[in-house]
Amino acid sequence: MPGRECFETVASSPDHASERDPERNIRGAFEHGKRSEDMSAGRAAGLETLPSRPPKLVITSLTVRDFRNLAKVEIVFSPRFNVISGQNGQGKTSLLEAIYFVATSKSFRTHRSAELVRHGQEAASVRAEFIEDPQDQGLAPLVREQHAAVAGARVVVKIDGARPSTLASFATRSPVITFHPDEMALSTGPAGLRRTLLDRLSLFMTPESADHRSRYDRAVKARQELLRRGSESESEIEAFEHLAAVHGSALTRIRAQATSALLPELALAFGRIAAPDLALVAEYAPGGTTDESEASAALRSSRRRDAGRPSPSFGPHRDDLVLSLDGRRARIVASQGQHRAITLALKAAEVSVIGHARGISPILLLDDVSSELDAERTDALFSYLASQQGQIFVTTTRRALISLPEGLASHERHFPVSGGQIPPTSE
Ligand SMILES: Nc1ncnc2c1ncn2[C@@H]1O[C@H](COP(=O)(O)OP(=O)(O)OP(=O)(O)O)[C@@H](O)[C@H]1O
Ligand SMILES: [Mg+2]
């Protein structure tokens, strides 16, 4: 089937890292000391914008082979702020995509993993070292190596050379959050973007949500195919509707919980980014129901109508997250600037919810975002970033556009990209 993805975790290989070096994590604690000193130096300089504690999750180094136009890249990152600059088409987004891929096994640009492989090559691979620092909990920092590779449509992932138990357990280990230009339509654009946002939160809050979603999608597809063919097999249709009702109602419950977690964070973030006298409220508008038998009944009664449609007229694939400003639909009343502020607030709220759910500050990947924002919003974004603990990556065609608060600027490392090449790291 075109575009169909195949995910596979691979059994631990005999040379996997923890077997090779059982003291790896202990040694990591000492290597990590350098970063702590860097951070203390920043604090000693009296940089109030710098968070009082260092980031909890850091990607220290990355090795990329044949991923998009990046033939061979080996880099060491700043634990705090990394700027990737270059002309159009040089490989900036590809580098962020490589980080996202090694953290999640997915791309934020495509569902077709085969597109990630450099033209003319058989396979692409990305390897990264992460440090997870429990900080004040009296434990040593954990070092791990994540690896993701793709050949054709087959994706293979490993953590320290070993197979993760599930895709969700891999994808939630090292949380990364993208601020991507396409997402600048989160406030005004189609409901699908907002459903995806809820699903990203759900993955961290309720990891089995991914399983419910894929089972729901499969059941709905099979039911639609039977209806389209005019199948007379009542029992077969009923069986798929039952599955759609079970997994669809679970998904509705999970997304409702995700919305509840999002609401307070969204109000807080919007208050900081936009005028504090405006109230932003998000309301979950389910296309289905939390009640399994109600869902089954709704599907049964809409068979005739649904037979000519690509998808059912009832169910969570029709969900939306309705945004209101002072009680009025944001989609209708919000100004351009307000839409941008809503979008940034949604992303900031996503960072908070995932950070709380996972107990770690996510890594933030910002792809050319300042080109989409006005000066005021860009300033708001960067002061928000300065208040965040997490490690940050920003791409830009014009480095001069990035005017950082001092607390970030002193921790910046710069990577110029040209023709898929990145020179060896310079401090
Ligand atoms: N599978 C692939 N193999 C080789 N090159 C590819 C592949 N996919 C995309 N490219 C090319 O990689 C180059 C870098 O793309 P990328 O999106 O990373 O650029 P960018 O630096 O982010 O540019 P922009 O500033 O325009 O966003 C482009 O020329 C693109 O056509
Ligand atoms: Mg780009």
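Two strands count as paired if DSSP finds at least two bridges between them. The model discussed here is predicted.

Q: What makes strand S4 and strand S13 a pair?
A: At least two bridges are required. Strand S4 (residues 81–85) and strand S13 (residues 392–396) are joined over five bridges, in the parallel sense, and therefore count as paired. Within this pairing, isoleucine 84 is placed opposite threonine 395 of S13.

Q: Why are S8 and S14 called edge strands?
A: The open sheet is built from five strands in the order S8-S12-S13-S4-S14, with parallel pairing. Strand S8 (176–179) and strand S14 (412–416) each pair on one side only. From one strand to the next, the twist averages 15°.

Q: Why are helices H6 and H7 called oblique to each other?
A: The axes of H6 (residues 191–205) and H7 (residues 209–228) cross at roughly 130° and come within 8 Å. Angles of 65 to 115 degrees count as roughly perpendicular and those over 145 as roughly antiparallel; H6 and H7 are therefore oblique.

Q: Which residues make the contact between H6 and H7?
A: H6 contributes Asp199, Ser202 and Leu203, while H7 contributes Ser209, Ala210 and Arg213. By class, the residues of this contact comprise two nonpolar, two polar and two charged.

Q: How do you know what confidence the predictor assigns to the chain?
A: The mean pLDDT of the protein chain is 84, and 86% of its residues reach 70 or more. Over residues 1–52, however, the pLDDT is below 50. This stretch has 71 contacts in the model beyond near neighbours in sequence.

Conventions:
Residues are numbered from 1 along each chain as its sequence is written. Chains are lettered from A and ligands numbered from 1 in the order in which they are written. This is a predicted model: local features need pLDDT of at least 70, side-chain atom pairs count only at pLDDT 80 or more; totals for chains, interfaces and linings use all residues. Axes are lines fitted to C-alpha atoms, for helices over the stretch in contact, and angles run from 0 to 180 degrees between N-to-C directions. Helices (H or I, at least four residues) and strands (E, at least two) are DSSP runs, numbered from the N terminus. Angles under 35 degrees count as roughly parallel, over 145 as roughly antiparallel, 65 to 115 as roughly perpendicular and the rest as oblique. Two residues are in contact if their C-beta atoms, placed from the backbone, lie within 7 Å. Ala, Val, Leu, Ile, Met, Phe, Trp, Tyr, Cys and Pro count as nonpolar, Asp, Glu, Lys and Arg as charged, and the others, Gly among them, as polar. pLDDT is the predictor's confidence in each residue, from 0 to 100.
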